[in-house]
Amino acid sequence: MTTQTRLYRKGVLEAEGFPPEEVSDYLEQPDTLVWLGLSARDHDAITLVAQELSLEEFAVQDALNRRQRPKVDRYEGHLFVTVYSAHLDEGTGELTTHEINAFVTSQALVTIHEDGIDLDHLVAQWDADPDLVAGGPGGMLHGMLDLVVDGHFAAVQSLDDRLEELEDLLFDDAPFDRSRQRTNFTLRKSLVQLRRVALPMREVVNTLMRRDLHLVAPGMELYFQDLYDHVLRVAEWTESLRDMVTTIFETNLSMQDHRLNTVMKKLTGWAGVIAVPTAVTGYFGQNIAYPGFGTYWGFWMSNAVLVILAVGLYTMFKVRDWI
């Protein structure tokens, strides 16, 4: 179903599933509240509803063109709201976002969603809390925003857990392999995407709470205040995770440099151990009559010199932690 419709009268569900063409007729009746859930792919339905509700042309174009920034635009007779839902894939760490636009009038809420948005959760939330519907279009809009912010909260919680796992792996003996590096990059990319849609929510909710908009009905102030508190928590959490990702990335580079320095130190130490015996054997390999030349005791003496020098160098390097 690309279009879902509901009619409430005095906060009680009276009808649903009616065609969008009847919206203007219902709105002429007293104490009515209408919700329409439209698919972003159904341009004809969006255009029809825009005509039924006399929506601003610029706002309708934004809804049709998609990929707007999270915002609240104020027009004569209605508001236009754009937000994004977010879902983090636990397996790959990739973040998926879906744009949700909403037109809010004095008697109607029109939501325009992309594929992948389950409106059943939204309807279930309205049914579970009748006070939201009793709060008018602002209360119904709060239910939608609450689901969006809950999705942001769940995504940032999952990102935090994944980043903590990466932190625990930093000091393993084995360096980050390609898969871990890819995971780190994917999580950084997902965090950037989440910040892009979550941080502007502070401005969105704060604007909706303005008294001059007359959107928040009496008794709904605490609902929006609680929503704003959740938005601030998500925003602060994403900021702290950004610092954590930077720390993990820099610490990983430092650990790689440390491991490289350790390897180079060991290679240099062993090269020194091998160089001295090589020099001695090269010297005795010359046509020079060294002490004991041509005798068994001279042969064993030269071997003893090699072993003593090698052991002495190894001991000295080991004491100085060069190898």
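In which helix does L267 lie? L267 is part of helix α9, which spans residues 221-284; helices (H or I, at least four residues) and strands (E, at least two) are DSSP runs numbered from the N terminus. The model is predicted, so that local features need pLDDT of at least 70 and side-chain atom pairs count only at pLDDT 80 or more, whereas totals for chains, interfaces and linings use all residues. Residues are numbered from 1 along each chain as its sequence is written, and side-chain values use heavy atoms, with hydrogens and water left out.

An open sheet of seven strands shows mixed pairing in the order β2-β1-β3-β7-β6-β5-β4, two strands being paired if DSSP finds at least two bridges between them. Its edge strands, each pairing on one side only, are β2 (12-16) and β4 (71-75). From one strand to the next, the twist averages 20°, with axes taken as lines fitted to C-alpha atoms (for helices over the stretch in contact) and angles running from 0 to 180 degrees between N-to-C directions.

Strand β1 (residues 3-9) pairs with β3 (residues 32-39) in the antiparallel sense over seven bridges, and V34 in β3 is the bridge partner of L7. Helix α2 (residues 43-53) packs on the sheet, where β1, β3 and β7 (108-113) are touched (contact: heavy atoms within 4.5 Å); the direction of α2 makes about 155° with that of β3.

The pairing of β1 with β2 is also antiparallel, over four bridges, and L13 in β2 is the bridge partner of Y8. Two residues separate the strands of this hairpin, in which K10 takes a positive phi near 55°.
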